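Visitor: Could you walk me through this protein, one question at a time?

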Amino acid sequence: MNQNAQDNVADLRARLKQRRADLPPQDRDRGALLIRGRLYTWLATNRTRLRESGRPDIRHIAAFWSMADEPALRALLGQWAEDDTLTVSLPVVTAPAQPLQFRTWTPDTPMKPGAYGILEPDSPEAPAPDIVLVPTLGYTRQGDRLGYGGGYYDRTLAALKAAGHAFTTVGIAWASGDLSAETYTPAAHDVRLDAILTDKGWAVPAPEL
């Protein structure tokens, strides 16, 4: 990526961050509630379908610890963690420029600040995920994701694919991150997501598992 392209993406990230910071608190709370409700219903519906058809169930969900301006997921993660048939995990940065490691999480898991000040679980490594919830700053209607520039999720998803592991990715974003009106070209290494869920609904349709 040349310098002009890098500058354009940096400017775009800054504008998207400002847009989400400007969301009124009541819209933020209502939007996060809608996201949690749709996620819960989507997973429950698909798990029922998988069981009824005799196919392997979803067991392992890799989520993320929401930062202040991201949609709050913690209440939903707590619900999932109470289900004995599900394992919830959160990402841990183990080293710069390396894939993330997912470690198990429950509401009782000790947490400690990670490399970027985001809380990370102090717990054992989790099984490879069936579902990966991906924090998403900007998105296209084709499933392209604009993240924060560290490349951690692109490396992580690429590593899971290279290991031959089957999983489904769901980007979690605010609708204000829609890049439809922007000039944006994904980088060659960017990994396209299977679905994207926002406070206004599924921007990229929910997949059937």
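The questions and answers below go from the whole chain to single residues.

Guide: This is a predicted model, in which local features need pLDDT of at least 70 and side-chain atom pairs count only at pLDDT 80 or more, while totals for chains, interfaces and linings use all residues. Residues are numbered from 1 along each chain as its sequence is written, and side-chain values use heavy atoms, with hydrogens and water left out.

Visitor: How many helices and strands are in the protein chain?

Guide: Helices (H or I, at least four residues) and strands (E, at least two) are taken as DSSP runs, numbered from the N terminus. Counted in that way, the protein chain holds four helices and 11 strands.

Visitor: What is the radius of gyration of the protein chain?

Guide: The radius is taken over C-alpha atoms, and the globule rule used for reference is 2.2 Å times the number of residues to the power 0.38. For 209 residues that rule gives 17 Å, and the chain comes close to it, so it is as compact as a globular protein of that length. The radius of gyration of the protein chain is 17 Å.

Visitor: Which residues touch the most other members of the largest nonpolar core?

Guide: In soluble globular proteins, nonpolar side chains tend to be buried together. A nonpolar core here is a set of buried Ala, Val, Leu, Ile, Met, Phe, Trp, Tyr and Cys residues joined through side-chain atoms within 4.5 Å. The largest one has 44 residues, and those touching the most other members are L39, W80, V132, L133 and I172.

Visitor: Which residues of helix 3 are buried, and what covers them?

Guide: Helix 3 spans residues 74–81, and its buried residues are L76, L77, G78, W80 and A81. Their cover, judged by contact (heavy atoms within 4.5 Å), includes helix 2, strand 1 (60–62), strand 2 (87–92), strand 3 (101–105) and strand 6 (131–135).

Visitor: Is W42 buried or exposed?

Guide: W42 is part of helix 2. Leaving out residues up to four places away in sequence, W42 touches I131, V170, W202, A206, P207 and L209. The C-alpha atoms of W42 and L209 are separated by 9.6 Å, although the two residues are 167 residues apart along the chain. Because its relative accessibility is 7%, W42 counts as buried.

Visitor: What is the phi of A97?

Guide: Most residues other than glycine have a negative phi. A97 lies in the loop between strand 2 and strand 3, and its relative accessible area of 49% makes A97 partly exposed. The phi of A97 is positive in a residue other than glycine, with a value near 60°.

Visitor: Which residue with a positive phi follows helix 4?

Guide: Helix 4 covers residues 152–162, with Y152, Y153, D154, T156, L157 and L160 buried. The cover over these buried residues includes strand 2, strand 3, strand 6, strand 8 (145–146) and strand 9 (168–172). After helix 4 comes a residue with a phi near 80°, namely G164.

Conventions:
Buried < 20%, exposed > 50% of the residue type's maximum accessible area, 1.4 Å probe, protein only.
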